[in-house]
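Colleague: I have a model open and want to learn how to read it. Can you take me through some features?

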Amino acid sequence: MYLPLRSWTLLHLFQLPFSWALSNSDQRNLGFAVPDEQLGDLHDHHHGRKDLNHLGNLSPYHDAPTVPGVLADLPNDCTVDRIILLHRHGSRGPAGEQHYIIMLADTLEKARDKIQTADLPWYLEFLKKGYKYDLVPENLTIVGRKQLFDHGVEFALRYPTFSTNEVVSTTVPRVIDSAHFFSQGFFGRGAENITYLTTDDFTDPVSWLDPWVSCPGLSYIPPVQVTIIWANKYIPPIVTRLDNLIPGINFTLDDIHGALYACPYDLAARDRSPWCNVFTAHELRGLEQLDLYFDGYSGHISNGDTGPLTGAFYVKKLIERLTDTTEAAKPLYLDFAHDTTILLALSAMGLNKSVFTCAGRRH
C-alpha cells in the first residue's frame, strides 16, 4: 500500500507477501477450477479464485481490493527518494490451529471402516485413501520460500537503483527465513554480504516490529473468545451436513474446525488441498469472520484501544526515518515481521477502520 507522504519524494509500502492469484489452468491442476462467470455460486463445491480469497488471514496471497485514495502505482510525475518496506513472513504451517487438524485426523482414522463402506460424494472420495496430518507447525513452507524469493525479484525489478546493507526481522524463525529468501531474490549472490539483524540487536525499550513482546498485559483471551462465539454459530450446520453424508462418524465442532483449517494450511504448504472442495463457497466465506481475532487483538476494536497504542512504536520509527531524525537515514529499509505488526501500524494511523454507508455495507 502506497502512502504518498510527499507526492513527489517519499514512498511508504506495507506488504503482505508477494500477491498472487491462481490462474484457471492452475486451478484445474488443483481440482477446483470453474469458469469465472460461475464464481458467484455460493453453494457450489467447485471453487474459483474469489472463493479462496475469503479465508481470513489464511487466504492465498492476492491483490487487495482497491482502497479509495490509495494508489496501486505511483503517478508518472513522481520520483522515489526513500522506500520503507514492512513485510509479513511468507506462508507458514499451522500454530495453535494444528490442535484442531490433529483431532480431525484422529477422528477419521477411528472411522476408517465406516468411510470405506460409505457412498461418498465426489468431494469426499479422497477420504477413502486416508488422511494424515503431516504439516510442520509454524515454519515457513516451501510455498512461503518461493513467495519471498519471487517478491524479492519483483521488488528489485521495480526499484533497481535502490539497495541497502542490512535487513531487519523479528526473532521468530519463519520471519528470519523470510528475510533471507527475500534477500536471495532481491540481492542475488550479494545477499551473502548483507547484515541480517533481529530486534534483539537493537536497544529500543519497545521494538517497533513486535511491541507486544514488551507488553505482558496484552491478552489473547478476549479476542479468542469472540472467534469461539462466532464458530459456535457458524460451524454446527456444517457438522450436521457432513454427518449426514458419512453416517456414524459423529463429527465434533472441533473436527470441522480442523477441516476448515486444513484447507488453507494445505494450500500454504503444497498449493493444493482436497479439503477446500468439501465446503461450499458460502461455508468457506464464513471462515473469513475468524479474522475477528485480529480486530480484537490488534485492530480498531482492540480492548482498551491497545491496537493504536502499540502501533505507535512503528509510527515513531517511521517518522524517525522519514524526517531523518538521526541524520543517518537510508534510501531503503527492509523490515520483516508479522500480520499483527502491520495491523498495529495501520491501527495507529487510523487506516483500518470500517466505514459504514447509509445502505449498511461495510468497507
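**Cysteines and a helix pair**

Modeller: Cys276 has 1% relative accessibility, so Cys276 counts as buried. Buried means under 20% relative accessible area, exposed over 50%, and partly exposed in between (1.4 Å probe, protein chains only). This is a predicted model: local features need pLDDT of at least 70, side-chain atom pairs count only at pLDDT 80 or more, and totals for chains, interfaces and linings use all residues. Residues are numbered from 1 along each chain as its sequence is written, and side-chain values use heavy atoms, with hydrogens and water left out.

Colleague: Which residue does a disulfide join to Cys276?

Modeller: A disulfide is a covalent bond between the sulfur atoms of two cysteines. The criterion is a pair of cysteine sulfur atoms within 2.5 Å. Here Cys276 is joined to Cys263, S to S 2.1 Å. The link is right-handed, with 95° about the S-S bond. Cys263 lies in helix α9, and Cys276 in the loop between α9 and α10 (281-286), 13 residues apart. The whole structure has 1 disulfide.

Colleague: Is Cys263 buried or exposed?

Modeller: Cys263 is at 0% relative accessibility, so Cys263 counts as buried. Cys215 is partly exposed, at 22% relative accessible area.

Colleague: At what angle do the axes of α8 and α9 cross?

Modeller: Axes are lines fitted to C-alpha atoms, for helices over the stretch in contact; angles run from 0 to 180 degrees between N-to-C directions. The axes of α8 (residues 236-245) and α9 (residues 253-270) cross at roughly 95° and come within 9 Å. Therefore α8 is roughly perpendicular to α9; that term covers 65 to 115 degrees.

Key: Helices (H or I, at least four residues) and strands (E, at least two) are DSSP runs, numbered from the N terminus. Angles under 35 degrees count as roughly parallel, over 145 as roughly antiparallel, 65 to 115 as roughly perpendicular and the rest as oblique.
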